[in-house]
Amino acid sequence: MKRIGILTAGGDTPALNATIYGAVVRASQLQVELYGFIKGFSSLLNPRLPHLHLNPLFRPIPELDPTLGGTLLGASRDYVDNSDPDLLDQVVHRLGQLGIEGLICVGGDGTLNGMQPLAERLPAVLAPKTIDNDLGLNYPSEVDEWQREEKGGAEGVFRRPGRVEFNQEYMINYVTPGYATAVFESAQGVQRVRTTAESHRRIAIIEVMGRHSGYIALGSAYGQPDIALIPECPVRTQALVERVMELYDLQKNAVIVCGEGVIDEEGRELGAATHSTDPAGNIALSGAAEALRQLLVDRIGDEYFRSQRRGDKASAAVFTRKVGHTQRGGRPVLFDRTYAAQLGGKAVEMLLGGQSNALAVLQWNRSQGFYVDSYDANRLRDRWGHIHARQVHPSFYDAEGMRPSAAGIQYLLPIFANAVGHDDLEYIRQSLFRAGNLILPYHSINTDVHRRIRYLS
Ligand code: F6P
């Protein structure tokens, strides 16, 4: 292969530029040209195929900074699927006109689904990313546990519990780039909110992202919340109320972190008041923390706070905050940069080695630590061809204590022991209060990249 393409799809994630950089470096070493496509799959759907050459003379363009958050290529949640074969043929024809012989898609499960029909027409591989850390398997046979059955005319999907003894060395894609940075941000959010909870004798509920996977909430335990609630384990209302009151009796404050996808004992998503979906078909989750707040306000009541010599009503004592998109933004921490770049390089090697419909994965074992490998994308699909978001393994969570279990802690330690580099902190020290930040307007990378965009003539 002499020329390959790369695109970044789905929600932006901190280490995307690092993945692109890793791919550029490896492609350049192998004397392969790398073209970037603008705004994910939407570029391929555009007859003009907006693109830019990322390594003229086999050197990375100067705009490509692996320490910069987001993606210089832009991202979108537009995907291609099998429903329109003519459109797919047109896409592949256009790529052929540009001399593209293989494609790297950087993304999560939605991107992998989008890549599949293309991989039937030209070599395509995925480099993983997602702050949710939900791309992968807790063990290879996990995918076979999914079952389907008719329920009241509709098809229900559920999972039979596996009989596999869990061992973190068998996880497929132990962790995805973006996750460590998201936790870096959310754990700090938890720590900082504690100050107000402590000083004002309040109960804080902090909502973190992750859709139906609780990895970010689990990792946020580094910020020492009193309680961590994950979507995989239904909220036990009575136990939660009792635990919060017990904590409040003792320390006059409580901090709860919850994943945005937490569910109640009936399996209803607390945060999905409106079942709107994004273009990838995901349920838009908002308001889990608010729902929990209402629950605590109703169940604890004003009288309790008065008895604690708190003048405020329950509604004033319980407050919520969302960490929000700051989890996805900004400079990726060292862990994410390092492995994102390696995974980008691995994706190039996979294409050149003749692989297709496969993904680069980040594996871990006790003797080697982290290392990159590849995995057949079909092995992430259940027998109906569906890719499920990986959930926090039950052994990682102590449902009684509402916190990570011993196994959960063992899972987190290798990722976070050295996740933050000295340069990450030095960067903040040197850049945040630069006088120029007040004087000069923000200079967007999009402006520079725009000058390099070319179109199919
Ligand atoms: O999948 C990544 C993610 O950040 C989720 O954790 C979150 O639910 C969603 O994307 C938010 O998407 P958007 O930025 O489109 O609102």
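Helices (H or I, at least four residues) and strands (E, at least two) are DSSP runs, numbered from the N terminus. I note that this is a predicted model, in which local features need pLDDT of at least 70 and side-chain atom pairs count only at pLDDT 80 or more, while totals for chains, interfaces and linings use all residues. Residues are numbered from 1 along each chain as its sequence is written, and side-chain values use heavy atoms, with hydrogens and water left out.

I then listed the buried residues of α7, which are T237, L240, V241, V244, L247 and Y248; buried means under 20% relative accessible area, exposed over 50% and partly exposed in between (1.4 Å probe, protein chains only). They cover an arc of only 130° around the axis, which puts them on the same side of α7, the arc being that of the directions from the helix axis to the C-beta atoms.

Leaving aside residues up to four places away in sequence, D264 touches P234, V235 and L270.

Last, I traced the open sheet, whose four strands run in the order β9-β10-β8-β11 with parallel pairing; two strands pair if DSSP finds at least two bridges between them. I recorded six bridges for β8 and β10.

Definitions and conventions. Contact = heavy atoms within 4.5 Å.
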